[in-house]
Amino acid sequence: MQLYNTLSAEEREKLIDEAGLDRITLSFYRYAKIEDPKRFRDELFVKWNSLDVLGRIYVAKEGINAQLSLPAVSLEEFRSFLDSYPFLKDIRLNIAVEQDNKSFLKLTIKVREKIVSDGLDDDTFDPSNYGIHLNADEFNQLMEEPDAIVIDMRNYYESEIGHFTNAVTPEVKTFRESLPIIYDQLATHKEDKKILMYCTGGIRCEKASAYFKHRGFKQVYQLEGGIINYAHQIKSLGLASKFVGKNFVFDNRLGERITEDVIAHCHQCGKPCDTHTNCENDACHKLFIQCDDCAEEMKGCCCSSCKEALSV
């Protein structure tokens with residue numbers, strides 16, 4: 001039985017166009033003990049392939065981390081399938097703020113050592129002992145308290161285009177880098193400060209909040225459902241957004257606009273811009289911010305060398 005993707009991105013785009021169906025982009029995660037990740041992975045692939053699910057999914061003995069899209073007409077069947085697994089029953093699905101039928105163009109489900117690489121080697125650490133979950137209104141209110149410290153658990157290229165006001169935004173490239181750096185910054189505040197964490201959809205904060213509790217912090221909180229859920233809640237409840245700019249996402253969209261604020265700048269000319277792109281030179285493929293004018297002048301490349309290589 002075929003348990004892997006065989007179509008090219010171009011072939012998949014054509015099929016999506018021909019199907020003419022609206023697709024929903026969503027994400028979810030769950031820390032749980034999975035005895036046989038390989039078997040679980042194969043079960044997911046068989047069912048989700050039949051539902052035309054596309055996306056990037058990681059499975060490990062510690063749980064599942066899924067970012068995907070599927071036809072809107074298949075959403076209820078998809079939910080029912082998840083509910084057939086006790087540890088996934090009634091799980092919250094983070095529906096994307098901005099939809100795009102081509103956010104994903106293949107189905108990839110991989111078995112990994114961990115669903116979030118953390119660099120930790122500590123058998124006593126329990127990621128299920130996480131911090132207190134806060135909804136959007138609670139998070140907004142707690143941010144205003146003088147003993148609160150707001151921590152962005154994402155990477156620098158994510159916080160560059162959008163973040164909560166007055167948040168600590170570490171200059172890190174990976175989640176595993178952020179844990180020791182943030183711990184060192186906050187080590188003297190284990191007792192006297194409220195630590196408020198946030199990330200894209202909640203999965204990194206779930207592990208980070210558990211880690212900080214494990215290291216002795218007494219008041220640890222996390223934004224439930226991350227920025228994605230926050231954006232939906234402030235809209236439905238009519239709350240003021242304390243997040244400004246765009247939320248970086250790990251699919252072909254590379255970002256969802258939360259507010260109209262543009263807080264970043266083009267990496268080439270310095271104009272206000274918050275549009276990420278990947279260098280058109282496949283030998284480079286660097287992620288960077290580029291305005292429309294520079295994209296035209298540089299042919300979507302990050303530097304003159306890549307532009308020249310593209311024309312060869």
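The buried residues of α4 are covered by, among others, β6 (132–134), β7 (148–152), β8 (162–164), β9, β10 (220–223) and α8 (226–237); helices (H or I, at least four residues) and strands (E, at least two) are DSSP runs, numbered from the N terminus. The model is predicted, with local features needing pLDDT of at least 70 and side-chain atom pairs counting only at pLDDT 80 or more, while totals for chains, interfaces and linings use all residues. Residues are numbered from 1 along each chain as its sequence is written, and side-chain values use heavy atoms, with hydrogens and water left out.

Within α4 itself (residues 136–143), A136, F139, N140, L142 and M143 are buried, that is, under 20% relative accessible area, where exposed is over 50% and partly exposed is in between (1.4 Å probe, protein chains only). The N-terminal end of this helix is capped by N135, which places a side-chain oxygen 3.2 Å from the backbone nitrogen of D137.

Turning to the cores, the largest nonpolar core contains 26 residues, and L26, F28, W48, I57, I64, L68 and F78 touch the most other members. Such a core is a set of buried Ala, Val, Leu, Ile, Met, Phe, Trp, Tyr and Cys residues joined through side-chain atoms within 4.5 Å. At least two residues of this core come from each of β1, α2 (37–50), β2, β3, α3 (75–83) and β5 (107–111). A second, separate core has 25 residues, including Y29, Y31, F175 and I182. Beyond its neighbours within four places in sequence, I64 is in contact (heavy atoms within 4.5 Å) with F28, Y29, R30, F40, L44, W48, I57, Y58, V59, F87, L88 and I115.

Strand β1 also holds S27, which is buried because its relative accessible area is 14%. Sequence neighbours within four places aside, S27 is in contact with A66, Q67, R92, L93, N94 and I228.

What about the open spaces? Rolling a probe the size of a water molecule over the atoms shows where empty space is left. On a 1 Å grid over the protein atoms alone, a cavity is a set of points where a 1.4 Å probe fits but cannot get out, whereas a pocket is an open set with protein on both sides within 12 Å along at least five of seven lines; lining residues have an atom within 4 Å of a point.

The largest pocket has a volume of about 780 Å³. Of its 37 lining residues, N65, Q67, I203, R204 and F250 lie nearest the centre. Elements that each supply at least two lining residues are β1 (23–31), β2 (54–60), β3 (63–71), α6 (175–186) and α7 (203–214), and the largest share, five residues, comes from β1.

The second largest pocket, of about 550 Å³, is lined by 23 residues, with K61, E62, K114, F125 and P127 nearest its centre. The structure also holds one cavity of 30 Å³ or more, lined by I16, A19, L21, R23 and D52.

Finally, D192 sits in the loop between α6 and β9 (194–198) and counts as partly exposed because its relative accessibility is 40%. D192 and D147 are 45 residues apart in sequence but 7.2 Å apart in space, C-alpha to C-alpha. Leaving aside neighbours within four places in sequence, D192 is in contact with D147 and Q219.

Technical notes: Points joined across faces, edges and corners; volume = space filled by probe spheres on them. Polar contact = N/O pair within 3.5 Å; in protein donor to acceptor, adjacent residues only side chain to side chain.
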